[in-house]
Every structure is written in structure tokens, then in C-alpha cells.
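Here is a short briefing to read alongside the model. Please have the sequence and the 3D view at hand.

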Amino acid sequence: MKRTVFTALLIVASMGGQSASADEGNCRTYAAAAIRQYEIARHIPGCFRGELTRRWYPDYDAHLGWCRRVGFDAAHGEYVVREQAIEGCRRRAF
């Protein structure tokens with residue numbers, strides 16, 4: 001599981017140099033990573049308090065649709081924000 005998450009996150013992070021348009025493959029990778037990030041946050045003590053927001057939501061189709069609408073740059077930015085939040089949670093929890 002950890003290896004799969006790490007691989008998906010590397011793929012999303014490596015797409016930073018691509019154009020602003022979000023193709024279907026990029027958006028599917030983004031949506032999968034968003035769900036993984038949600039699951040990671042849920043399992044860090046004190047990180048996830050049960051509130052569902054557009055950023056922290058376990059709905060693949062919602063993340064996919066959003067990515068398709070906004071383009072890759074915005075989706076990648078959202079991915080980075082979630083990663084930073086998770087890292088902050090990890091520092092506080094452990």
C-alpha cells in the first residue's frame with residue numbers, strides 16, 4: 001500500500017512541468033491521489049476531525065470532475081496543499 005501511494009504521488013508531482021491543460025490521465029491520477037491523501041489524513045491522530053470539505057472528500061468522481069474543469073496547474077496546486085497539510089499533521093502527531 002505504501003509503495004502504491006508513494007508511486008502515485010511521485011507521478012502527480014512529476015507532472016508539474018506539463019502544460020496547464022489537464023488531460024484525462026492526469027486528472028485520473030490526481031483524483032486517485034486526492035483519495036489516498038484523504039485516507040492518509042484520516043489515519044494520522046488529530047489530523048482529520050471528520051469534517052468533509054471539497055479538499056478532504058472521499059469522492060473520486062468529484063475530484064476528477066473538478067480537475068477536468070480547472071486544469072492541471074490548479075489541480076497540482078491543490079495536491080501540493082494537501083501534501084503540506086499532511087506533513088504538518090505528521091509533525092504534530094509523531
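Accessible areas here come from the Shrake-Rupley method with a 1.4 Å probe, and for residues only the protein chains shown count as cover. On that basis, the protein chain exposes about 5,800 Å², with carbon and sulfur atoms supplying 54% of it. The model is a predicted one: local features need pLDDT of at least 70, side-chain atom pairs count only at pLDDT 80 or more, and totals for chains, interfaces and linings use all residues. Residues are numbered from 1 along each chain as its sequence is written, and side-chain values use heavy atoms, with hydrogens and water left out.

**Overall fold**
- The protein chain has four helices and zero strands (DSSP runs numbered from the N terminus: H or I of at least four residues for helices, E of at least two for strands).
- Along the sequence, the pattern reads α-α-α-α.

**Burial and contacts**
- Buried residues (under 20% relative accessible area, 1.4 Å probe, protein chains only) make up 37% of the 94 in the protein chain.
- Among contacts (heavy atoms within 4.5 Å) with a separation of 6 or more, 70% join residues 24 or more positions apart.

**Helices α2 and α4**
- Helix α2 (residues 24-42) packs with helix α4 (residues 72-93) at an angle of about 15°, their axes 10 Å apart; axes are lines fitted to C-alpha atoms over the stretch in contact, and angles run from 0 to 180 degrees between N-to-C directions.
- That angle makes α2 roughly parallel to α4 (under 35 degrees).
- On the α2 side, the contact is made by N26, Y30, A33, A34, Q37, I40 and A41, and on the α4 side by F72, A75, E78, Y79, R82, E83, I86 and R90.

Note on methods: Buried < 20%, exposed > 50% of the residue type's maximum accessible area, 1.4 Å probe, protein only. Parallel < 35°, antiparallel > 145°, perpendicular 65-115°, else oblique.
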